[in-house]
Amino acid sequence: HRSCSAEARLFLAVLCLSVCGDEFSVLRSPQSVVFRDGSWPIPGERIPDVAALSMGFSVEDDLSWPGLAVGDLFHRPRATVLVTVKGVDKLTLPVKRISYPIENAVPFSLDSVANAIHTLFSEETPVVLQLAPSEERVYMVGKANSVFEDLSVTLRQLRNRLFQDNSILSSLPLNSLSRNNEVDLLFLSELQVLHDIASLLSRHKHLAKDHSPDLYSLELAGLEEVGKRYGEDSQQFKDASQILVDSLQKFADEMFNLYSGNAVVEVVAVKTFNSPLTRKTRSILQSTQSETENPYNLAYPYNYNYSVIFNIILWMMIGLALAVIVISYNLWNMDPGYDSIIYRMTNQKIRMD
């Protein structure tokens, strides 16, 4: 009996770890984007596809995930804000949010969503901002260069920004956190970035009312460093978690209001990624690798745009063929003396002469 009870407790512990793992939460969303309330796990590598589908873009592979409904196809959100929090698998967010467990938490990027925005709205220069303050990694395209030109992105700039008069240090309860510790300052600087993004965007409210969709992708690693420095059972980690939750909720409400309730704000809480982030690059060995992977010279995989392109070309060629046939038939059966004004005028001139 003792062995059975021990095995049962072990099974419950493993089950709890699998269920209470990393989390994907939706803080705010418009009525046109419907997230169903349920505990359906979402694959970590498909999170960018969820962001793309919620904005009305198509994806290469179908997403059979019941958490995202179809929604209103004619009213898409004007902005998507995705915040990734590293170092914690779950945040005590408000009750009104919708959360889903993440299955196979692997690193992801919203580069595909950014490319789709650039392709479809290249003339309108939408706002695209991807930022990781702890790694000093920033990517701004379009109108983001003018809106967020004063945004602190390097560690030196972030540190100097914290000690200015209008920083969050003057209004944020630090509790057990210290202003003299580099780890605490890194965590607080990320919260300062959230505050500055909403503040700078509020000065350019007209950009939040145009027709082009905007994208914000932020990666926060300050809480993870606090956990490594003090331990996850420390008072500093608990205070930092609570401060982060309050800051995220405030940031979500501000961004949602700036876009007049037409924005999706999502949070991904990940304890640790299963593998490092690798971006697709072109290698000089690509041709030799493709020959070994495809020794039978098979065709490329089926593309979902094939049927659309095929119908456009098919009916265009049919229309051109019918037009040529009708024009040729009318020219062949035309009466030069009756249908042609040239022959008619020439005939009358001959009679007068």
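Contact here means heavy atoms within 4.5 Å. Keep that in mind for the views below, which come from a predicted model.

**View 1. The whole chain, before zooming in.** The protein chain has 353 residues, and 41% of them count as buried. Its fold is built from 11 helices and 8 strands. Take the contacts with a separation of 6 or more: 76% of them link residues 24 or more positions apart.

**View 2. Helix 5 crossing helix 6.** Here residues 155-162 (helix 5) pack against residues 182-202 (helix 6), at an angle of about 80° and with 9 Å between the axes. Angles of 65 to 115 degrees count as roughly perpendicular, so that is how helix 5 sits relative to helix 6.

**View 3. Who touches whom between helices 5 and 6.** From helix 5, look for Leu155, Leu158, Arg159, Arg161 and Leu162. Across from them, helix 6 brings in Glu182, Leu185, Leu186, Leu188, Ser189, Gln192, Val193 and Asp196. Sorted by class, this contact between helix 5 and helix 6 comes out as 7 nonpolar, 2 polar and 4 charged residues.

View 4. The label covers residues 308-332 and comes from an unreviewed UniProt entry. In the model, residues 308-332 are 100% helix and 0% strand. From one end C-alpha atom of this span to the other, the distance is 36 Å.

Methods. Residues numbered from 1 in each chain as written. Predicted model: local features only at pLDDT ≥ 70, side-chain atom pairs only at ≥ 80, totals over all residues. Heavy atoms only, no water. Axes fitted to C-alpha atoms, helices over the stretch in contact; angles between N-to-C directions. Helix = DSSP H or I, 4+ residues; strand = E, 2+ residues; numbered from the N terminus. Parallel < 35°, antiparallel > 145°, perpendicular 65-115°, else oblique. Nonpolar A, V, L, I, M, F, W, Y, C, P; charged D, E, K, R; others polar. UniProt positions renumbered as here; feature names shortened; annotations may be inferred. Buried < 20%, exposed > 50% of the residue type's maximum accessible area, 1.4 Å probe, protein only.
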